[in-house]
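Here is a short report on one protein chain. Look at the structure first, then read on.

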Amino acid sequence: MVVHGEREVLPATTRAEAATALQEFTAAYNKADAAYDASLDAEYTTGALADIDSARLTAGKANSPDGNARHTPLKLTDARFTIPEKAGWPRWFLADAAGNKGGGSRWLLVFTRDGLDETWEAAYLTLVAPDALPKFAVDEDGWAEAVPADATGLAVPPGELSAAYATYLKEGGDGAAAFAEGPHTSAWRALRTKKSTRPGLATQYIDEPMTNGDYAPLALRTEDGGALVFFTTRHFEKQTAAAGTSVPAPNKDVLALTTGEIRQTLTMEFVSNEVALNPRDGGEVEILGRIQGLTAAKGE
């Protein structure tokens with residue numbers, strides 16, 4: 001009998017292999033951070049995390065060519081693995097661990113790969129409060145359920161959550177979906193509104209969904225029938241100084257990623273990865289965590 005892995009519903013990996021993937025990522029991440037060398041962990045990251053991490057290391061290298069004098073190795077302990085069963089590729093799993101950084105938050109890392117011979121790569125990294133994590137639906141063997149991007153019965157299909165969030169940031173309560181109030185929704189919108197009305201400096205925002213390839217959303221079924229969804233968005237912040245003035249000088253990390261000469265305007269590009277509780281129909285989506293990083297900037 002021939003088993004077709006691309007059609008057979010199988011666990012994404014074993015728990016032992018998941019633990020090894022987390023250890024290999026952490027070792028590479030620490031080497032890259034110590035040296036400010038993006039090439040040292042490029043094999044172990046992809047998607048939103050790769051964009052954020054690579055830009056951070058590139059800026060660090062430009063400003064500290066000899067490496068990161070403030071490097072403290074990341075240590076992840078008490079790791080738990082939620083491994084879904086699914087057919088086809090990519091296959092993926094969630095690692096949830098305690099870290100020696102992040103103020104007691106749990107570190108959530110989603111690993112993906114597109115074939116048995118490929119390296120497990122971390123696509124999403126978010127930090128959440130320990131008591132915010134939901135319980136996942138698992139079968140008698142402990143395997144979780146992957147929720148398809150087009151799944152119905154949720155407040156928002158996982159594949160549409162990135163676009164819904166971008167719309168919400170632009171339109172607030174008039175957006176395409178209801179988001180619960182919190183630091184990554186109502187509070188962030190209020191902060192951006194405040195920044196956009198500074199005298200002498202106009203700030204504009206553009207928010208875009210990112211859903212293709214390595215930026216595809218990944219979701220796990222929760223015990224209550226909802227889903228925990230990891231997704232990506234892109235954000236632009238354009239600062240324009242009033243006539244006769246100039247944009248305030250950005251910090252050295254922004255300058256390291258800036259092309260062009262900053263005179264009247266500065267446009268910064270950010271990639272953000274979020275994790276959200278997506279309830280069944282009728283509920284509000286709750287953003288549990290978000291990590292954002294500057295990936296490029298342009299002066300004009």
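The report below covers the core, the salt bridges and a charged surface patch.

## The nonpolar core

This is a predicted model. Its largest nonpolar core has 23 residues. Phe25, Phe93, Leu109 and Phe111 have the most contacts inside this core. Five elements are listed as giving two or more residues to the core: helix 1, strand 2, strand 4, strand 5 and strand 6. Helix 1 gives the most, with 6 residues.

## Salt bridges across the chain

The count comes to 13 salt bridges. One of them joins the side chains of arginine 113 and glutamate 17, at 3.5 Å from N to O. Arginine 113 is in strand 5 and glutamate 17 is in helix 1, 96 residues apart. Arginine 113 counts as buried because its relative accessibility is 6%, under the 20% cut-off. Glutamate 17 has 29%, so this residue counts as partly exposed.

Another bridge pairs arginine 221 with glutamate 145, at 3.6 Å. Strand 9 holds arginine 221, and strand 7 holds glutamate 145. These two are 76 residues apart.

Glutamate 237 and lysine 195 also meet in a salt bridge, at 3.2 Å. Glutamate 237 belongs to strand 10 and lysine 195 to helix 4. Glutamate 237 is buried, with a relative accessible area of 8%.

Salt bridges can also form a network. Asp78, Arg80, Asp96 and Arg106 are linked in this way.

## A negative patch

Asp114, Asp117, Glu118 and Asp214 gather in a patch of negative charge on the surface. Aspartate 214 lies in the loop between strand 8 and strand 9. Aspartate 214 is partly exposed, at 39% relative accessible area.

Methods: Residues numbered from 1 in each chain as written. Predicted model: local features only at pLDDT ≥ 70, side-chain atom pairs only at ≥ 80, totals over all residues. Heavy atoms only, no water. Patch = residues over 30% accessible without salt bridge, like charges linked within 9 Å, V, L, I, M, F, W, Y side chains within 5 Å. Areas by Shrake-Rupley, 256 points an atom, 1.4 Å probe, with all protein chains shown as cover. Salt bridge = Lys/Arg side-chain N within 4 Å of Asp/Glu carboxyl O. Lys, Arg positive; Asp, Glu negative; His and termini not counted. Charge placed at Lys NZ, Arg CZ, Asp CG, Glu CD. Helix = DSSP H or I, 4+ residues; strand = E, 2+ residues; numbered from the N terminus. Buried < 20%, exposed > 50% of the residue type's maximum accessible area, 1.4 Å probe, protein only. Core = buried A, V, L, I, M, F, W, Y, C linked by side-chain atoms within 4.5 Å.
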